[in-house]
Amino acid sequence: MLRRPLLCVCLCGILLIWLLQAAGVLLAGQRAIEQFSLPEDREILTVEGTVAERTGKGPVLADLRILSGLAEGSAEAALPKRFRLQVVTEDGDFASDCAYGSRLILAGTFRPYAHAGNPGEFDAADYYGDLDYIGTLRDPEVLEIREGEGTALKWRIRNALSRFREKCLRRIRRVYPAREASVMADLLLGEREGLDRDIKGLFQANGIAHILSISGLHISIIGLTIFRLLRKTCLPVPVCCVIPMGILGAYVLLTGGSISAVRAAGTVILLLLARALGRTPDPPTALGLLAFLLLLRSPAALRSASFLLSFGALLGILLIAPTLQALWEGLFPKKEKIRFLREDTGHPLWEGIRKLAEPLPGALLLTLRISLGLQLATLPVTLWFYYEVPRYAMLLNLLVLPFMTLLLVAGFLSLVPGLGIVGTVSYQILRLMEYLCGLFDRLPGRSWNPGRPRVWMMVTYVVVWLLIAGICSEAGQRFTAALCGRLRFALRFHCGRSHPRAIQQDRTFRPFADLKEIRKAAKKGGKKEIKNGGKEETGKEIKKGGKEESRKEIKKGGKEENRKEIKKESRKEIKNGIRKEASAEGEKTVRGSKFVHTLAALLGLLSVAAFALPRTVPGSVTFLSVGQGDAIFLVTEGREVYLVDGGSTSRERVGEYVIKPFLKYMGCSRIDGIFLSHPDADHVSGLEELVAGRDVWGLRIGGIYVTPQALAEDAELMDALQKSASEESFRRRIPVRTIAAGDTWQSGETAVSCLHPAADFRAEDPNESSMCLLVTLREAGPLLLLTGDIQGAGEECLMEALRELPVFSVSADATCPDVTASRASARDAAAPGTSGSGEISAPGDAHPPLILKVAHHGSRYSTPAEFLTLTRPALSVISAPERSIYGHPHAELLERLTDAGTVTLRTDRCGAITVLTTKQGTIRLSVNEKGGMSKN
């Protein structure tokens, strides 16, 4: 790292940007937009702006000026030039007629992007805020168009590239069928708006959707091919580098300038620039410099999935893949080649086969290593944004990626007039990919869905793999060897005195003997040398000098002189010698044995396995924000998952856009049961999507529970539901069962009872036959009463059933216990447009706190005062849209709830509401996890 000072500087800059954003000093994306005064939702505006982009919905305006609809002059000076406004129009010709650089004056309805109201739901405000979009202008009226300002050089280049892009798109639509044409348009030109939904979903589900993005393969085919062709000419090296750089820049503009395209093209451009300047190209430095420059331009990109996945993929190739190679070599030392590859028979045919087969094992291992490195590097990002990972993605990529070069080359050649026949190759390859995805799609356990990981899991994963990469590097192995040797020496040297027997019994490593034994051996050796030396010297001196000196004095003098040396020098030398031997032995141990590599591999596996920890909390219930409808997610003490209703009449495709993402977010690939209170569209529309798409989405449904009245009241809907649940094309059929008042069952400490309707109950209004469930979330703990759309005679029957229960058998004149003080934090959390948490508890002499799902979305005539007096709910939840055409929730009902002393939470103001219960009878609330209101 120190050999790359520029890379170190870039990494420090990236870290600084991240710290400033985390500390709130550097505002970017939606947080920066919220600092300015913006128009209100559905406000009529007159705006002026420059056409900076063009999409299928309409032009995108930059350099905005709000002429009317807001205090004049206040927004004109405040809005930065980088802020953009998406114009949404049904007139496609208007979008195509607006040239880049044109100045438009439009009048229309302003709609800000909404935050996600539910966990796992797509957050439009954050996504478009990171792109500096402040909102949309719908149903615009064109007041003025000035095209003269678009004559600047950059706009003329953009317009020329746009015209060329349109020609290429028309060419693709003529060469390929409609389905394959949408894929090739996205593959070659980045045209994602017309991409076929079925193919996109199929590729995403099987983990090969990345091939549809403009990536390094496109750039290498274009840039490096042109560079190599130019090098065969007489042009100098700088010219051969500059020409591909210009072509790559134009191609990035042509394809829309996505982050993956900018990353790939920018890396190649930096490498070519280094080659032109006579410097040695260094991919890690180029990658770090490019990431730093992109973050300087747009700091919010640090939170985007495209930025993290794009640079994480290269990080996997440059860092994780070599680490995996070192682990493989440490765990499985190199062995001799396969027998038939090293036998030399002399036969020419056999020799040809052997030469062809010899590089295959190495190439296969290299491909596996790179593919696994990509998966490991992008795993936390993929789980954070998409909540699941296809299990067979690596194997499928091994089959698909070899065809990508041929697919792209044939696709580019098919754009040349007269070479349309070459498109047949691309067409057949796409059909092959679809066939392979279909095969893998039918394999069991197609995807791994652990849900969104917690922050500590992400941090642990990154730290562990950085540690493994450091250990497996050459410098890391030397450091680890020395550290292991020193640690072993320290343990033997300092702990040996108190445990001499254990040291003596350990015969595996002799240099680490006990210090006392070392001292004794040194002293004995010194005495012997003194004695022998004394004898020899004494004999010689007596013979030569005739002096009569005592041998004892010589021995005594020798002892006195050598004892000091033994104490000072001999001890240091022995200690240093043991240290050197310890380091050498430690290095030998680290390099030669499998201990450290096995430990590193186990740490890596544990860091991945940590993501599988369950995210669902037993004894919890979540009321999803679905607009005009109901959807309730219940987790029992036995970790069984139930879904009560799931539909909406104010939001389209609520099953695909709300319920399914929430289940993925929570890591729930199985629903043990779906309860259908009654067959109205606002309760069943999303469930139909779940049942119909369960195999595509990887969901398993244990059963569907309905009332006998639902089967009789809406026979057509029930027949369709039963048919789709039992369709033979699906892997498993879903049993449809009926339940009525009196049916109960247990899941751990959670008990569920059906209170209404009875099997023989009949009513003219289907709402009166709504299924009502009483759930004891924990033994002797909080209760949950789900009432569907109950009203009228059905509500009277429900109250009679409640009075028969011991927990509600109290005097009708009893008042709700005063628990206002304990609910203060919950009331604060329920404020409109805020996020937070709170607690609700009840005194010990009262019945356990009751969580009431207010019936019929807060209708005026539901939930009367008598019902509230009987149930005395501690928390009431209303599921209603922000602007209900029925006036839900009604003011009279809200007044009744206030008089009853209950805390009232509304999904139109709080978004999804999660209730966690404890055995101590406490209700813990968590509302509006995404931090904004859901606009339906």
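This is a predicted model: local features need pLDDT of at least 70, side-chain atom pairs count only at pLDDT 80 or more; totals for chains, interfaces and linings use all residues.
Colleague: Buried means under 20% relative accessible area, exposed means over 50%, and partly exposed is in between (1.4 Å probe, protein chains only). Which of those does R653 count as?

Modeller: R653 counts as partly exposed, at 38% relative accessibility. Residues are numbered from 1 along each chain as its sequence is written, and side-chain values use heavy atoms, with hydrogens and water left out.

Colleague: OK. Where is R653 found?

Modeller: In the loop between strand 10 (641-644) and helix 26 (654-665). Helices (H or I, at least four residues) and strands (E, at least two) are DSSP runs, numbered from the N terminus. The phi of R653 is near 50°, a positive value in a residue other than glycine.

Colleague: Why mention that?

Modeller: Because most residues other than glycine have a negative phi. H857 is not a glycine either, and its phi is positive, about 60°. H857 sits in the loop between strand 21 (850-853) and helix 33 (865-871).

Colleague: And H857, buried or exposed?

Modeller: Buried, at 1% relative accessibility.

Colleague: Where are the cis peptide bonds you flagged?

Modeller: One runs from H756 to P757, with omega near 0°. P757 is in the loop between strand 17 (750-756) and strand 18 (772-776). Another joins H888 and P889, with omega about -10°, and P889 lies in the loop between strand 22 (875-878) and helix 34 (891-899).

Colleague: Back to confidence. What does the chain average?

Modeller: The average pLDDT is 79, and 75% of the residues score at least 70. Over residues 71-77 it is below 50, and beyond near neighbours in sequence that stretch has seven contacts in the model. A contact means heavy atoms within 4.5 Å. Residues 541-549 also stay under 50, with five contacts beyond four places in sequence.

Colleague: New topic. How many salt bridges are there?

Modeller: The count comes to 27, where a salt bridge is a side-chain nitrogen of Lys or Arg within 4 Å of a carboxyl oxygen of Asp or Glu. One of them joins the side chains of E48 and R65, at 3.2 Å from N to O. That pair links distant parts of the chain, with E48 in strand 1 (residues 43-54) and R65 in strand 2 (residues 59-68), 17 residues apart.

Colleague: How exposed are those two?

Modeller: E48 is buried at 5% relative accessibility, while R65 is partly exposed at 33%.

Colleague: What does D63 pair with?

Modeller: D63 forms a salt bridge with R103, and their closest N and O atoms are 3.6 Å apart. D63 is in strand 2 and R103 in strand 4 (residues 103-111), 40 residues apart. D63 is partly exposed at 30%, and R103 is buried at 6%.

Colleague: Which residues make up the salt bridge network?

Modeller: E48, D63, R65, R103, E144 and R146 are linked in it.

Colleague: What about the nonpolar core? Which residues touch the most other members?

Modeller: I172, M184, L188, F203, I211, L407 and M433, out of 49 residues in the largest core. A nonpolar core is a set of buried Ala, Val, Leu, Ile, Met, Phe, Trp, Tyr and Cys residues joined through side-chain atoms within 4.5 Å. Leaving aside neighbours within four places in sequence, L407 is in contact with M184, L187, S426, I429, L430 and M433. A second, separate core of 32 residues includes C668, I674, L687 and A912.

Colleague: Last one. Which residues of helix 25 are buried?

Modeller: V596, H597, A600, G604 and S607. Seen down the axis of helix 25, these buried residues fall within an arc of 100°, so they line one face of the helix. The arc is that of the directions from the helix axis to the C-beta atoms. On the other side of helix 25, F595, L605 and L606 are exposed.

Colleague: What should helix 25 span?

Modeller: 21 Å for its 15 residues (595-609), and its end C-alpha atoms are 21 Å apart, which agrees. The expected span is 1.5 Å times one less than the number of residues.

Technical notes:
pLDDT is the predictor's confidence in each residue, from 0 to 100.
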